[in-house]
Amino acid sequence: MKRPVGRWLILWIGAGLLFVAMLAATLPAAAQGGAEACPALVELALQSVREVCDRLGRDEACYGHTLVEATFWDEAADLTFSAPADRVPLLDLRTLATAPLDLASETWGVALLNLQTPVEGALPGQAVTFLLMGDAQLENAVAPEDASADLAPMQAFYFTAGLSAPACTEAPDALFVQSPQGVEVALRINDLDVTIGSSIIVSLTTIPDGAGGQIPVMVVTLLQGSANVLFNDQRIAFEQPDWTDAAALPVYAVTLNAEGRVDENSVAVEPPLDAIAPAVQASCANAMIMLERPQTLCSTPLAPASIAPQTVPPSGSADPLAGVGPGDPCTAAPGSTINRRGGPGTNYPLQGQLTALESVQLAGYAEGADGYRWYQTAGGTWLRGDLVRTAGNCAALGPVPTPQPPAPAPAPSGGGRGTQVGLMWHLMACTYSEESIVSPVSFGWGVGCFDTAESANAHSNPAAFQLYVDGVALDMSVLQKRGPEVHAPVCPYGWSYYYPAIPLSPGEHTLTLNQTLIDSWQDQSGGGQAGQTNTMGCVINVTR
């Protein structure tokens, strides 16, 4: 299932950005009072989802709130998905449908999905999360035999939703999708290639066809971050950079065929803002409840996306390489926003980003240890070669010296690859990518919440740490620091720390991490005060 959008971005995901342990799914009788009880019922349902879907595993779907139905690629598979807290692997999932609000029976279907795969720039604990609510359905377009390192289950899907008004505005029929902030994720939704970073709402509506009928329309609303769609060989980019102070939320709309998919007859249309506003704003409010964020953003008016078109292959004035001739210096431009690095590899520090509407002159190249050719820019940063187009006299480029790479982690002392455990401050929990924890065990965590890499560099020594295993203090002189790097879920940049692998015997072990801030800072994204102390911990089970 290869698609013309190019290389799929995949994300490693920890225990979910949002959602936490087990609560009874039954709502109190007070929620039975009719439409006026709808807001309370919806909020209680979402609180229940947060708890029953706690620590959602990688590439899993969770039955959040009644009613949810699922089908599987293998109809004979021994899978249970019939009650809140039930979970199934995305690889096995064929369709997932949530039910519309029914006040009489106190049901409103909600499901939570977690896509967990590695991508350049992502850290342990980062997630691509789907929240499906109301009269809506997802059909997995990635069959098990098509899943690969380049295409994860549910990374391509078909979304359908009810077109009639819900029982109350607080219970919309929609899909919320969030990627880690600062990390772009490529999705295919109803055969439309959409790249997001970081939060969108997908919904359906109709517009008159001029002959007394209605045409189905898919609507993509950007809550925060950036998005671009590839449609009719044109890439359309729009952004909304602020969580709290947005002039308007940008909305993109495209017509669908009778099967609910984008095809050669589809057209981008002016979104019917008045018709979609209640569902979009309610979906936003529900997502903010799940994220435990203020709902201020959700009252923001909608506006047609202020789009910046980029033809693919680019042509005309929108192409940042359009004016580069064969004799001009070699110049590069990416197809979407990519990271600049301090050297030829993702192990080098992040030094900003380059957007699809920007170009940069190149000074040379080097072959990275990861097997990719990396280009050095005239300004000294590095770009991965397969993520950019080039123009000009690129034959004149030659190999250039590379900076010393960051020191690698010491070899595991227990032999074998072992497992890295992430200690996630925002979750107050530990995460890991493997199915089980295997000795030797290494540890990683992040600190700092900075708006820009420059701000992070101004506070390059933010904290001191002490890590304990089973009450024994570890030698922190071997601790390694990297960054500034993109952090999630809400911090654009931060510092990452890694403790080398140590052998641990099979069985349970208690981890405790003490943090003392030794620097003070205050950015829009967050802040810290020198002298502030924090402690977190967890229990891990080493299998071998």
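Residue L67 lies in the loop between strand β1 (60–65) and strand β2 (68–72), where helices (H or I, at least four residues) and strands (E, at least two) are DSSP runs numbered from the N terminus. This is a predicted model in which local features need pLDDT of at least 70 and side-chain atom pairs count only at pLDDT 80 or more, while totals for chains, interfaces and linings use all residues. Residues are numbered from 1 along each chain as its sequence is written, and side-chain values use heavy atoms, leaving out hydrogens and water.

## Backbone details in the loops

The peptide bond that leads from T66 to L67 is cis, with omega near 5 degrees. A cis peptide bond is also found from S439 to P440, where omega is near 0 degrees, and P440 belongs to the loop that runs between β26 (429–432) and β27 (441–450).

A85 is found in the loop between β2 and β3 (87–89), whereas D191 has its place in the loop between β10 (185–189) and β11 (192–208). Are these two residues buried or partly exposed? A85 is buried, with a relative accessible area of 17%, while D191, at 23% relative accessibility, counts as partly exposed (buried is under 20%, exposed over 50%, partly exposed in between, with a 1.4 Å probe and protein chains only).

## Aromatic rings and charges

Rings of Phe, Tyr and Trp (its six-membered ring) pair if their centres lie within 6.5 Å, and planes under 30 degrees apart count as stacked, over 60 as edge-to-face and the rest as tilted. By this rule the chain holds six aromatic pairs. One of them joins F238 and Y252, which are stacked, with 6.3 Å from centre to centre and 15 degrees between the planes. F238 lies in strand β13 (residues 234–240) and Y252 in strand β14 (residues 249–255), so this pair ties together parts that are 14 residues apart in sequence. F238 is buried, its relative accessible area being 4%, and Y252 is buried as well, with a value of 5%. Elsewhere, W445, F465 and Y497 form one aromatic cluster.

The table gives two charges that sit over a ring (NZ of Lys or CZ of Arg within 6 Å of the ring centre and within 35 degrees of the ring normal).

| Charged residue | Ring | Distance from ring centre |
|---|---|---|
| R261 | Y158 | 3.6 Å |
| K481 | W495 | 4.6 Å |

Taken as a whole, the chain contains three helices and 35 strands, and 53% of its 544 residues count as buried. Among the contacts in the chain with a separation of 6 or more, 66% are between residues 24 or more positions apart.

Methods:
Contact = heavy atoms within 4.5 Å.
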